[in-house]
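Keep the viewer open as you read.

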Amino acid sequence: MLSAKPKLPFNESLQPFQEQEDDALNKDIIVSVRSDAVRDPTYARVLADYQAALQRYIEEDRWKTYPFLASIETYSKCNAACDFCPYPQLGRKGELLSELLFEKIISDLADSNPLGPAMMMLSRVNEPFLDKRLFEFIQHIERQFPNVWMNHVSNGSPLNEANFDRLLASKRTSLLKISFNDHRQDRYEAVMKINYQNTLKNLRMIHAKKVAGEFWFPVRIGRVGDGSSDDLAFLGWVKREFPAFEPQVSPRFDWRGKVGSSTYEVPDLGCAQWFQLHLLANGRDAFCCTDSEGEAGIGNAKTHHVVHDIYNSSERLALRTNPGSRLGIRKCMSCAALA
Ligand code: SF4
């Protein structure tokens, strides 16, 4: 049995929209996705929580020059085509990160700090479990950085029992987030363009293992919200159907203008993304999690040291040395994401 929860780094607190679900259910409101949310007192609390979590990054000296979280996209492929995601229009579909480049990235991270980041992810604009090499990459990371925690994000469709059991062989998973988006079959298939029953079967299998105490890490079932009453209905459905999982409605953002438009005002805050490093399957660095093509990035892991040249480039270092409001940063001033 692996049901005991170990101590995790503080990034769990950077999930402001997940924390308010109980409020949403009790007060019959969804503050996280309404266009007028910024005037809602609960949303003000969300911003305050985000700022408090961000302050913890700022106050921890080691993250000034070394990423708290590093994400590596190993295969830019997804079997879904969600209407809130830039993947359907992605210009680099099907690109595969070579094993050599993966090892080079890990080596760059290790020679700057043998302990590695606190947190790693092997996804960006993709479905990570479509990469057959994923479990080998996870093992490689665990060998190199035995203390690292790994968060996994998936649409759940490739997470059949065989794949999930392979994931359970990893002892460093700290979170599995499944992007499920709608509890109604017709809407799910319209939004995601994948088979509802297949994913639902996987969720039931994973939930049974969770209830049986086969693993301790949280499983979060997420929806990218649209501000309608469907958000609330989704939260209620997850709680009823999968009581051992955590429901989450998160706000949509516009992926730097690539998908629709944001319904949020830009908060007068910094951003936790400034303390993270994101690498795409073609080796390019992404400025942050909203930079799906790496257009706002400044280098490539093929030719740049990912810590010295990218994370500690003068542009990125300045964000962390004198962290102020995103409103004063050209690449951030129109971004409302609280990522
Ligand atoms: S563009 Fe948005 S998500 Fe990206 S670093 Fe700036 S504020 Fe953060």
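1. First, bear in mind that this is a predicted model. The chain comes to eleven helices and eight strands. Of its 339 residues, 44% count as buried. Among contacts with a separation of 6 or more, 75% are between residues 24 or more positions apart.

2. Now the sheet. Its eight strands form an open sheet with mixed pairing, in the order β6-β5-β4-β3-β2-β1-β7-β8. At the edges stand β6 (246–250) and β8 (285–286); each has a single partner strand, so one side of each is left without a neighbour in the sheet.

3. Look next at the β8 end. Strand β7 (residues 276–279) runs antiparallel to β8, and two bridges join them. Across this pair, His 278 stands opposite Ala 286 in β8.

4. Helix α4 (residues 99–112) is worth a stop. Its 14 residues reach 20 Å from first C-alpha to last, close to the 20 Å expected at 1.5 Å a residue. Which residues of α4 are buried? They are Phe 102, Ile 105, Ile 106, Asp 108 and Leu 109. These cover an arc of only 150° around the axis, which puts them on the same side of α4. An α-helix has 3.6 residues a turn, so residues three or four places apart point the same way. Leu 100 and Asp 111, on the other side of α4, are exposed. The cover over the buried residues includes β1 (69–72), α5 (134–144), β7 and α10 (306–311).

5. Last, the ligand. The residues around it include Cys 271, Cys 288, Cys 332 and Cys 335, along with Trp 274, Arg 326 and Lys 331. By type, the shell divides into seven nonpolar, two polar and two charged residues.

Conventions. Residues are numbered from 1 along each chain as its sequence is written. This is a predicted model: local features need pLDDT of at least 70, side-chain atom pairs count only at pLDDT 80 or more; totals for chains, interfaces and linings use all residues. A residue is near a molecule or strand if its C-beta atom, placed from the backbone, lies within 6 Å of it. Ala, Val, Leu, Ile, Met, Phe, Trp, Tyr, Cys and Pro count as nonpolar, Asp, Glu, Lys and Arg as charged, and the others, Gly among them, as polar. Two strands pair if DSSP finds at least two bridges between them. Helices (H or I, at least four residues) and strands (E, at least two) are DSSP runs, numbered from the N terminus. A residue is buried if 20 or more other C-beta atoms lie within 10 Å of its own, exposed if 12 or fewer, and partly exposed in between; C-beta atoms are placed from the backbone. Two residues are in contact if their C-beta atoms, placed from the backbone, lie within 7 Å. The expected span of a helix is 1.5 Å times one less than its number of residues. The arc is that of the directions from the helix axis to the C-beta atoms.
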